Amino acid sequence: MKFKELRLAANLTQKDVADELKVDRSTVAYWENGTAMPRAEQLPKLADLYHCTIDALFGREAARDTA
């Protein structure tokens, strides 16, 4: 999973992501360390926050360029 790498590239904190998705910060940490996975309905919002595709969240393609 590329959750942490993409979050850092988007210059967001775990708290920023948690607040946006209305989850606990610890939930974001679990996603990043592989203990848990986001629900399917959270993936589009997460991809939007990280400026990437849903596939990129899982390391299937490079993050899309936002320039």
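Residues are called buried at under 20% relative accessible area, exposed at over 50% and partly exposed in between, with a 1.4 Å probe and protein chains only. The model is predicted, so local features need pLDDT of at least 70 and side-chain atom pairs count only at pLDDT 80 or more, while totals for chains, interfaces and linings use all residues. Numbering starts from 1 along each chain as its sequence is written, and side-chain values use heavy atoms, leaving out hydrogens and water.

Phenylalanine 58 is partly exposed, at a relative accessible area of 30%, whereas phenylalanine 3 is buried at 1%. Since phenylalanine 3 belongs to helix H1 (residues 3–9) and phenylalanine 58 to the segment after helix H5 (54–57), the pair ties together parts 55 residues apart in sequence. Helices here are DSSP runs (H or I, at least four residues), numbered from the N terminus.

Helix H4 (residues 43–50) buries Leu43, Leu46, Ala47, Leu49 and Tyr50. These residues cover an arc of only 160 degrees around the axis (taken from the directions from the helix axis to the C-beta atoms), which puts them on the same side of H4. The buried residues of H4 pack against H1, helix H2 (14–21), helix H3 (25–33) and H5 (contact: heavy atoms within 4.5 Å). Just after H4, histidine 51 adopts a positive phi of about 55 degrees.

Technical notes. Helices (H or I, at least four residues) and strands (E, at least two) are DSSP runs, numbered from the N terminus.
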